[in-house]
Amino acid sequence: MRCHSRFLRLVALFGAIASAGAATAEVKVTDVPGDGGTALKVTWAGESPAPSLATWAVERTRTDKEIRDARVETADTAFKAARKAGESIESAKAAAERAIDGLDLSWLRVDEISADADPELVIGDLEPDAEYGIRILGLDGGKAKIAEIGFNAKVKPQANLVAWERVPFGAILGLISAIVIIAIVAARHGVVMRIRKIAALEAIDEAVGRATEMGRPVLFVPGIQDMNDLQTVAGITVLGRVAKVAAEYDAALEVPTSRSLVMTAARDTVQAAYLAAGRGDAYHADRINYITDEQFGYVAYLAGTMNRERPATCLYMGAFYAESLLLAENGNSIGAIQIAGTAESSQLPFFVAACDYTLIGEEFFAASAYLSGEPMQLGSLFGQDLVKIASIALLVIGVAVATVGSIAGWANVQDTIGGFLGMLGS
Amino acid sequence: MKRSIPILIASLSGMVLVLAFFSPRTESWSEAVVDWFNVLAAIAFILGAGSLLKVQLVKISSRSPGWAYAAITLAAFLFTLLVGLFKVGTVPSDKFPTHVWTGDYEAPQATFGWIYLYVMSPLTATMFAMLAFYVASAAFRAFRAKNLAAILLLSAAFLVLLGRTAAAGFLTGWFPEPLEALKLDNLVDTMLVYVGTPGSRAIVIGIALGVAATSLRVLLGLERPYLGGGGGNG
Amino acid sequence: MRPRTSLVVMLAGLAGLLLVAWMRPHGMGKAYVRTVEKSFVEAEIAPPIGADADETPTIAWLAADDPRLADGEAKAVAGRAPVGWTEHEPVTATEAWETLAKDPTAPVALSGRDTIGLWFAAFLTLAILSFLLGDNPIYKVAESILIGVSAAYWMTLGFWSTIVPNLLKPLAPGAVREWALPSIPADATTEWTALIPLVLGVMLLWRLAPRGGWIATWPIAFIVGTTAGLKLISFTQADLLAQLSASVVPLWVTAADGTPRIGESIGNLVLVVSLISVLVYFLFSVEHRGIVGGVSRFGVWVLMITFGSAFGFTVMGRITLLAERFGFLFDDWLWLVDPNGNHDPAALANAAAVVSALSGA
Amino acid sequence: MIRFLQNLDRRWIFLAMGLAVAVPILLQLRFPESVGSKARDTFAAIESLPEGSKVLLSFDYDPASEGELQPMANAFVHHAASRGHKLYFMALWPLGSQKVKETVDAILKPHHPSYVEGRDYVLLGFKAGNEGVIKVATTSLPQAYPTVDGGSQFGEVPMLAGISNLSAMDLVVSVSAGYPGTKEWVQYFVSAFPGERLVSGTTGVQAVNFYPYYPKQIVGMLSAIKGAAEYEVLVNEKYPGGDGKPIPLLLEGQRRMGPQLTAHLLMIVLILLGNLVYFVTRGSDARGGRR
């Protein structure tokens, strides 16, 4: 509220100054709402004070530091020009002194706006809470000043408490969250939600079982990103399930990681799963190791290990980049069952082509909820579906309006709708 | 205690950042958090080095098969770390010629720079280049026209492979004006714009939803990978 | 094919190439450097003209040939000896030979250090490629080196580029200024917020202690929580809403003069239908049967076309990478091809003529 | 034969791929390029500007993508300089400014000796801040670059005098390997000045994502090494080097297309062979079952 009252005071002030002066137009300066306090918006009545008016020039005061820098710059330019022209150092210095002598640098021209354009401008790159004066000059075609409107009142750009232009997006975000949370609450209160089968996840148990039969290890690769990527988080969750099955079947589970934080999380997860399965004695921390952060160093290790240990089952769950195909083709050459899950869309083609099962994008994130089988988790999946259906509906409506608009010849209908959605997303 | 405090930390820190997004005064918080994460990740290297050293030392001392390779890894690790941390072979920066610790350890004349130039980068670049070979073997083995879906996958790949080389010119370059749209390179463009784009868009939208829902589960404490495993079975 | 056969074929090919390279008059795999002398003086630099009245001269190190010293704008501090050292800049063989042909005493020479490096890089390249024949001791050596070197590389990078400037600097600006970062302003004060990552880091390292491993879950919980908060916003905003808004297209497209564009209209229809059907494929709470089943099957087809074309496009980039590696072997190391004139035999001949004329005289 | 293919050791495939890439490099093979519409549009975007127009080149890549992008960067610089445009270089990637310097040293200095720094071209350098740099530059270029590479103040550079923001540019060229890059130029530059013209040179992996922007927001687009080679053909045709022959560096893209053609053809043969094996053996297995 504080900023609003200040704003009203300012408007009143401009009005007073504008009417007091001979100016024919009125200037308004407002703090740009919802920013970090680095911008002011200037608007002025655009009626022309004289027919010869070609452009408006918007000027603001410089801060002390800016005045100093501008003065040094002017002097330095004059000095260099004089030196270039062959003058001695002394006379070049004198030229530089002359250049700044009596120079008034208190006003900085921010921009020039054509007289036909909208009479408004956002002045950016200001210091929060510094005071600025602003004036508008009317210039004719030869850039000579023919009018001056404005005032010398000082204004301060401010950092605001709420980013108003983000509120529509906030509403959408709140709506999406609400849908998901309601679905979770509903599930908790016994509303049964059924989830379709996801083949890749059904196959995990069987693949781990196969490794046990063959007496070979299971290799789990949690991707090459750190814990600050949600794909790694999802991968670790899937690892929890894999470890539980491995503990039950007594299969050896190897987890080489490329980040030590991931190693820590993976060790906790696997240990918890072994304890839960009552096989705490079978847990070996030394099977879960940090290799190196370097993408291809890690891959060189994985490729070598696959060829030496010949795991019967390879699981790739996390963020993968170029290494996806190297892993999948090597796994293939040793005859392993391979199940992959990633949200890196550029790598999905390689996994889809070379692995037995692949969790594509969203399916991968759904995996943890699916695997847990808990009603609350399934509720969140159901909520996700509701949002998806709403998106489809929004899309259909938008396309319908755009089509009708195009047939009826409304101008820019597509830009308007796109702009509306874009505004929500900005 | 051991379980509820981490859950509280995760939920609160996440919620605070969501709210901070809507206030310009707190805009810098997310940057600070990213900064802290970087520091934490750098500290975690010590943890990683510990794990690496332990594994290699166990292999060497037990003379298990391949212990000589473990010795090579260990030697390479220690040598690189020492020349890197002590900036061996660097010269000070031009602005501070008397500060010996200001040198650029990645410059070619530093020992660390030599390792980067002649060891790290050829090794990683060659690993990367191996992909060309694996792409070929995948083409032979995996692109089988088993069903309609597989046929579509391989025909799209086929079209792009042909359409993006001189072969496109040989095959369809002579098509007359009315058949312009059927030229291979134009066909590839059409396919990308009207089928490839919505395909990748839908994947992106799906992932965004998946991320949003997973984030919500983390903020609500339903998903707790930091405690060992997902929901109730952890 | 027996493994031996492929090994013999590859080794014979390589030996042949080496032999050809060896026989060429200008040889192969040599690296040259130019020696550069650097010298610096400590100088007092006067405030610039136009500076505020209370500004004082600054003291800084300048290169000995800085024009400000000649102009009198800066004066060398009395009693401070200049500081200097020798640096080596890499140059191409052609450049080295051309320089020597002009001036046989120029500070250009064959570099043992870089020549060994070049050969070692070539060996490592071949060692990694040997994995294509199957796992073998040479590959294992290269793999071991790569793991050791890269783990240390990232650790060094983490120390100098993160721990020093983002943790030590805010905590102890004075000491860090003296030691490694003299550019820190002298009036910098301790930023206590940097204690947070320090404390979290120590909690993480608690892992190494025999007891209380659970303490490490706190920092990880913090990381996962903040990640969730940040990603919730960024993905919803940039991907969900932005992609939806980009997909709102009219199904009836007309040119500026009102004539319908049938091709584009059909294209837009395909676009919207494809998008919706893939989204339907991603529905989890509905079994893929009946209409939903049909639509989602169409969605799978769209996905497959997307994957196929992405595959085709990516193949291109991967082959470029291999071509680049072969370029390294054939051009930089074996000197078999020379598309950019980096080791031009004519330049060598000129240089040799000048050098021999000198020694003859 | 089928039996052989069925049990084909993949090392034969590796050998074939190795040869398909190595032989064209050793023989320095080049194939004729059929030039597509996107390369033509790109060429026209620079060609159609009147002499002395202002062209901003943003090098948004690093050495890892050099293989695909450096040939484009070389050709862009040679083309724009041959047309006599003023060149403004900048970089959104830290190592991009290094690439700018290398390109200026390799193309501009030897082949366009009349180009003087400050008058005909300027190196604005790298600025941290990703898309933020574009945002600032769209409102005020001096604000984004108070000093340019080499330490001069913005106002001291003759060719920067009077330039307030990016709308003063007649064309922007983004050579892009990822984030930040072409996508951000579309979002923050083209969206801010809808009439402005943007040309993009991009890697193959990214190309698919930029198709939707062409030809509205991006007036010309070169994708992967193929795009570079096509554009080189057009530039070499019109602007050969001093001796009437193309500059060697402007054949780099076409040279790299040699291995592309042979390798792609090999890939196609492999896909076909793979399916042949699949269908024949599937048939024989079925018969085997009946027996």
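First, a rule for myself: a polar contact is a pair of N or O atoms within 3.5 Å; within protein, one must be able to donate a hydrogen and the other to accept it, and residues adjacent in sequence count only if both atoms are side-chain atoms. This is a predicted model, where local features need pLDDT of at least 70, side-chain atom pairs count only at pLDDT 80 or more, and totals for chains, interfaces and linings use all residues. Side-chain values use heavy atoms, without hydrogens and water, residues are numbered from 1 along each chain as its sequence is written, and chains are lettered from A and ligands numbered from 1 in the order in which they are written.

**Entry 1: chain C against chain B.** I looked up polar contacts and got 13 residue pairs between chain C and chain B, both residues at pLDDT 80 or more.

Asp94(B) and Lys38(C) make a salt bridge at 3.6 Å, N to O.

**Entry 2: a sheet in chain A.** I traced an open sheet of six strands in the order 10-9-8-11-12-13, with parallel pairing. Strands are DSSP runs (E, at least two residues; helices are H or I, at least four), numbered from the N terminus, and two pair if DSSP finds at least two bridges between them. At the edges I found strand 10 (288-290) and strand 13 (357-360) of chain A, each pairing on one side only. Strand 12 (residues 337-342) of chain A joins strand 13 of chain A through four bridges, and Ala340(A) sits opposite Thr358(A).

Technical notes. A salt bridge is a side-chain nitrogen of Lys or Arg within 4 Å of a carboxyl oxygen of Asp or Glu.
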